[in-house]
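Please work through the following exercises with the sequence and the model in view. Each task is followed by a solution in steps.

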Amino acid sequence: MRVLITGAGGQVGTDLALVLAGVVPAAGAATALLGADPVREAEFEVAALARTQLDIADAQAVTSAIAAHRPDVVVHLAAYTAVDRAEADVEGATAVNETGTRNIVAAAESIGSHVVYVSTDYVFAGDLGREMVESDATGPLSVYGATKLAGELACRPTDTIVRTSWVAGLSGRNVIHLAAASARDGRALRFVDDQVGTLTSSADLAAGLVAMIRRRPGGVFHVAGSGSASWHEVITHAVVEAGGSAGQVTPISTAELDPQPAATRPAYSPLVSERLIEIEGVPLPRWQDGVARLVAAITSEGGS
Ligand SMILES: NC(=O)c1ccc[n+]([C@@H]2O[C@H](COP(=O)([O-])OP(=O)(O)OC[C@H]3O[C@@H](n4cnc5c(N)ncnc54)[C@H](OP(=O)(O)O)[C@@H]3O)[C@@H](O)[C@H]2O)c1
């Protein structure tokens, strides 16, 4: 099967390219999800295109790349992910997240490719005080969330939309790296305890994406770590896993953040992977497990 990945230079793209090549990323992967059917040698022919190789905002470049590679499946990861910056750059976020996705879908349509579009829990308002299922109403609070939702709406009903949340991988400069570094140097951290979601290991997400690439089910799927926690709980867990102490992380409220972030984030947006469990039988591992494996990979690299 031929697979083209957009935004392949990002943290999910890095892990997905490994898993599609049959390599288990250093942070492990949700192998239970692939069960008795691990990736076979040469099962996938992958074109992993980073931004420098394909700018999805350029419609002509998208058409040419998809015509050249003729993928069976396009895994569309490229996105304007700077959530706070997007508030002052609606045009830039729209050009990538909405128009870029339209470009991908139109080019996929022209050669009959399936699109797997990766979206976000930020399409929800998160004001219901409960976990979100696929059929829940959307209501983004930020430009990033609104433009990612516009990307969902640009997909065809036959395409597969994979919503995930709070992604952390070995290759990204994310908060789990910060937590591991703080455990080492004893630095104090402050994290909010009034935003609750689900941390997802990008290596685990990559395994979930392989399941979606193989099955091409169509429709909306939540694919996120199992369970839920506030940022304060997640970071405390990571610091302790890395050998630090829970006391290093002080809980604060969003109102106490200084400076205040430009974008409003959902207060409570854990994703339940109901439809993934329905078709695959298992969800992604618990978030604590994903964090533990990621911290172990970071510390064994001797880095942060
Ligand atoms: N990270 C999260 O917490 C999270 C949560 C939910 C959903 N998601 C979604 O998951 C997907 C993957 O995210 P990620 O964590 O891997 O983010 P990431 O590390 O920021 O990767 C996104 C990639 O897209 C690239 N990109 C930006 N504009 C582009 C353009 N015009 N053309 C081609 N590539 C472009 C970026 O390149 P540059 O770095 O050069 O700009 C980057 O390599 C995204 O669709 C994101 O919306 C992420």
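**Exercise 1.** In which crossing, left-handed or right-handed, does H1 pass H7?

*Solution.* The model is a predicted one. In it, the crossing in which H1 passes H7 is right-handed. By class, ten nonpolar, two polar and one charged residues make up the contact of H1 with H7.

**Exercise 2.** Determine how H1 is oriented relative to H7, and which residues meet.

*Solution.* Two packed helices are described by the angle between their axes and the distance between the axes. For H1 and H7 (residues 202-215), the angle is about 55° and the axes are 8 Å apart. H1 is therefore oblique to H7. On the H1 side, the residues in contact are Gln11, Val12, Asp15, Leu16, Val19 and Leu20. On the H7 side, they are Ser202, Ala203, Leu205, Ala206, Ala207, Leu209 and Val210.

**Exercise 3.** Describe the shell around the ligand.

*Solution.* Of the 27 residues around the ligand, those that come nearest are Gly7, Gly10, Arg51, Ala78 and Ala79. At least two residues of the shell come from each of helix H1 (11-20), helix H4 (90-111) and strand S4 (114-120). H1 gives the most, with three residues. By class, the shell has twelve nonpolar, twelve polar and three charged residues.

How values were computed:
Residues numbered from 1 in each chain as written. Predicted model: local features only at pLDDT ≥ 70, side-chain atom pairs only at ≥ 80, totals over all residues. Near = placed C-beta within 6 Å. Helix = DSSP H or I, 4+ residues; strand = E, 2+ residues; numbered from the N terminus. Nonpolar A, V, L, I, M, F, W, Y, C, P; charged D, E, K, R; others polar. Axes fitted to C-alpha atoms, helices over the stretch in contact; angles between N-to-C directions. Parallel < 35°, antiparallel > 145°, perpendicular 65-115°, else oblique. Left-handed = near helix turned anticlockwise from the far one by under 90°. Contact = placed C-beta atoms within 7 Å.
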